[in-house]
Amino acid sequence: MRQLYQVEGRLRNNIGDVLQGIVAKAFLSDQAEVVDREGLNKIDHVRDGLLIANGWYMHDFESFPPPANVNPIYISVHIADSAMLRSPEIREHFKRNSPIGCRDKKTLKLFLGWGIPAYFSGCLTTTISLGQSPITQSNEVLLVDGVDHPVPDEICQKLEAHYNEPLVRVTHDPPRTEGDLEEYSEKAQQHMIELLKRYKGARKVITTKIHCGLPCLGIGANVMMIHSNPSDPRLNTVREFIPVLSFEQIKLGNMPDEVQVNSDALKIRQSFLIDIVEASVEVGYNI
């Protein structure tokens, strides 16, 4: 049986989508193949397959679901547009491959509302490991944001004053997007690993991005999550481990010197995710 993992290969504008593939790939053999999350119905159906189907769903519903002889392990799923589940074919596919592990409570309620068995899994990116990779320690205070959740200049100035250090801006835009899916995925994965090593060695990582905050927790980086809307349901998977600071709190200078991580909750969540995926991969279907 082929083993498959997915990355977003159409827009190629967010390396967080590549990170989803990295954490899935770690559970598979060296012969695992990458597939395009935005073209799952185009997976070769000649041979049976097992797909770790974690991540953000999706730009194009017409390219879903994957072939019937591909067994998906749906874990850490986020549904961006509830219209996706209005399709009877898609709902039936999810039911056949349930229960669905949901990254956030909003997605969980959506599946349950349609009568599709589901559970809160949290995010697989918390299981990332750098192994024995050499880490260069630095005094950098990194600010990782993007066009989706930019940090206003006033907030940046408050942070720089608090840490007495200029912020070093980091983007999650992939530096190179050319080539076929395999070429793009390989280059982007290498870049993501280098970013993670930089995060691990930094004095502080401040971010608005879930897929910076969660892997930073997984590798033990010194991370602080900030957001214009800390009550956003998508942030539940972060708030399980660390508080999410609002821009208003930062304006008022209400910032902790060190963010307290709920290490016990993090270890439990990591073990929960690892056990599910390892057992599913071993038997070849979603347990």
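**Briefing: a predicted protein model with an open parallel sheet**

Of the 287 residues in the protein, 54% are buried, meaning under 20% relative accessible area with a 1.4 Å probe and protein chains only. This is a predicted model, in which local features need pLDDT of at least 70 and side-chain atom pairs count only at pLDDT 80 or more, while totals for chains, interfaces and linings use all residues. Residues are numbered from 1 along each chain as its sequence is written, and side-chain values use heavy atoms, with hydrogens and water left out.

**Overall build**

- The protein has 9 helices and 13 strands, which are DSSP runs (helices H or I, at least four residues; strands E, at least two) numbered from the N terminus.
- Its radius of gyration is 19 Å, close to the 19 Å that the globule rule gives for 287 residues, so the protein is as compact as a globular protein of that length. The radius is taken over C-alpha atoms, and the rule is 2.2 Å times the number of residues to the power 0.38.
- Along the principal axes, the C-alpha atoms fill a box of roughly 60 × 40 × 35 Å.
- Of the contacts (heavy atoms within 4.5 Å) with a separation of 6 or more, 64% are between residues 24 or more positions apart.

**The sheet**

- Five strands form an open sheet in the order S10-S9-S11-S12-S13, with parallel pairing; two strands pair if DSSP finds at least two bridges between them.
- Strand S10 (167-171) and strand S13 (244-246) are at the edges with a single partner strand each, so one side of each has no neighbour in the sheet.
- Neighbouring strands are turned by 30 degrees against each other on average, direction ignored; axes are lines fitted to C-alpha atoms, for helices over the stretch in contact, and angles run from 0 to 180 degrees between N-to-C directions.
- S12 and S13 are parallel and joined by 3 bridges, and Ile226 stands opposite Leu245 in S13.

**Helices on the sheet**

- Helix H5 (residues 181-201) packs on the sheet and touches S9, S10 and S11, its direction making about 155 degrees with that of S10.
- H6 also packs on the sheet, touching S9, S11 and S12, and its direction makes about 155 degrees with that of S12.

**Strand S11**

- Strand S11 (residues 204-207) is covered on both faces: Lys204 and Ile206 on one side are buried, as are Val205 and Thr207 on the other.
- Strand S9 (residues 141-145) pairs with S11 in the parallel sense over 4 bridges, and Lys204 is the bridge partner of Val141.
- S11 also runs parallel to strand S12 (residues 223-227), with 3 bridges between them.

Definitions and conventions: Buried means under 20% relative accessible area, exposed over 50%, partly exposed in between (1.4 Å probe, protein chains only).
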